[in-house]
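User: Please go through the structure shown below with me. I shall ask on what grounds each description rests.

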Amino acid sequence: MIPNCKLLLKKHWVNQTLKRKTLGINLSTNNKMGTYLITGANRGIGLEFCRQLQQRGDHVIAVCRKASPELFELDVSIETDVDLTSDRDVKRLVKKLDYQQLDVLINNAAIVERFSLENLDIDSIRRQFEVNAIAPLRLTHALLPNLKTGSKLILITSRMGSIDDNTSGGSYGYRMSKVALCMAGKSLSIDLKPKNIAVAILHPGLVKTRMTNFTPNGITPEQSVKGLIARIDQLNLENTGTFWHSNGEVLPW
Ligand SMILES: NC(=O)c1ccc[n+]([C@@H]2O[C@H](COP(=O)([O-])OP(=O)(O)OC[C@H]3O[C@@H](n4cnc5c(N)ncnc54)[C@H](OP(=O)(O)O)[C@@H]3O)[C@@H](O)[C@H]2O)c1
């Protein structure tokens with residue numbers, strides 16, 4: 001990490017500690033303060049994660065390709081120019097983090113591209129696998145040295161990645177890539193258990209974001225992320241590897 005970044009991070013921690021002390025929050029009994037790294041942080045659910053976590057006093061490292069004005073408004077550390085499908089970009093991010101310990105790594109970034117069976121687009125399916133399934137595993141693997149005993153790993157998937165729940169068909173690239181992500185999450189939960197790292201595979205609900213063209217049927221990012229954070233807070237080694245809806249329901253594979 002470059003010295004300026006270290007200085008900024010230290011300043012952030014001091015500020016947050018002062019803020020909590022001013023609010024009368026007992027630091028020794030409040031265990032919520034941690035360092036969270038979130039991908040896809042410039043908009044949608046990722047941005048809302050940043051907002052709610054920084055509001056409660058956590059330190060947020062917001063990773064994105066290009067920061068948004070809304071992200072700049074938050075009191076978070078921002079890492080831009082990270083295309084998660086690029087080995088080079090991910091290596092650069094890892095170098096910048098310089099073994100900084102993460103309490104929670106949230107793999108949130110994803111894409112959806114819709115094609116019917118008649119107009120199947122193989123390149124699109126491949127792209128969705130790259131972003132939705134391979135990139136989260138690449139980043140997780142690259143950041144394993146930053147995870148410590150007690151850290152948590154989060155994969156934001158979709159119930160569209162549930163085989164049992166599929167009653168409407170279609171969405172080949174999205175569904176297939178999210179199933180693959182769920183499977184990666186299950187394996188990670190087994191492999192990381194001996195290291196005392198718990199893994200959650202989370203569905204945010206149907207949410208009004210750009211991904212869903214801000215569907216009026218969806219819940220707000222605020223509502224979704226409130227539930228997602230509750231799931232992350234309750235995650236432990238006993239329930240590691242569970243596929244949860246943000247509302248707490250356990251989803252079928
Ligand atoms: N919204 C829903 O109803 C819903 C339902 C189920 C699951 N989910 C899941 O929830 C998560 C967040 O979705 P959302 O609704 O917030 O979507 P969104 O508003 O479309 O945001 C997607 C985010 O992913 C980033 N991203 C995409 N490709 C990337 C790449 N190659 N490298 C780095 N960043 C990349 C985007 O960055 P750019 O701005 O640079 O493109 C953006 O920040 C996703 O995993 C999604 O599958 C959402």
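Analyst: The protein contains seven helices and seven strands, where helices (H or I, at least four residues) and strands (E, at least two) are DSSP runs numbered from the N terminus. This is a predicted model, in which local features need pLDDT of at least 70 and side-chain atom pairs count only at pLDDT 80 or more, while totals for chains, interfaces and linings use all residues. Residues are numbered from 1 along each chain as its sequence is written.

User: In what order do the elements of the protein run from the N terminus on?

Analyst: They run α-β-α-β-α-β-α-β-α-β-α-β-α-β.

User: What makes β3 and β7 edge strands of the sheet?

Analyst: The open sheet has seven strands in the order β3-β2-β1-β4-β5-β6-β7, with parallel pairing. Strands pair if DSSP finds at least two bridges between them. β3 (77–79) and β7 (242–245) each have a single partner strand, so one side of each is left without a neighbour in the sheet. From one strand to the next, the twist averages 20°.

User: How do you know that strand β2 and β3 pair?

Analyst: Strand β2 (residues 59–63) and β3 are joined in the parallel sense over three bridges, and the criterion asks for at least two. In β3, I78 is the bridge partner of A62.

User: Why is S189 called buried?

Analyst: A residue is buried if 20 or more other C-beta atoms, placed from the backbone, lie within 10 Å of its own, exposed if 12 or fewer, and partly exposed in between. S189 has 21 such atoms within 10 Å, and is therefore buried. S189 is found in helix α6 (residues 172–192). Of the 253 residues of the protein, 38% count as buried.

User: Which residues is S189 in contact with, leaving aside its neighbours within four places in sequence?

Analyst: They are V199, T240 and G241, a contact being two C-beta atoms, placed from the backbone, within 7 Å. The C-alpha atoms of S189 and G241 are separated by 5.0 Å, although these residues are 52 residues apart along the chain.

User: How are helix α2 and helix α7 placed relative to each other?

Analyst: The axes of helix α2 (residues 44–55) and helix α7 (residues 221–234) come within 9 Å and cross at roughly 65°. Such axes are lines fitted to C-alpha atoms, for helices over the stretch in contact, with angles from 0 to 180 degrees between N-to-C directions.
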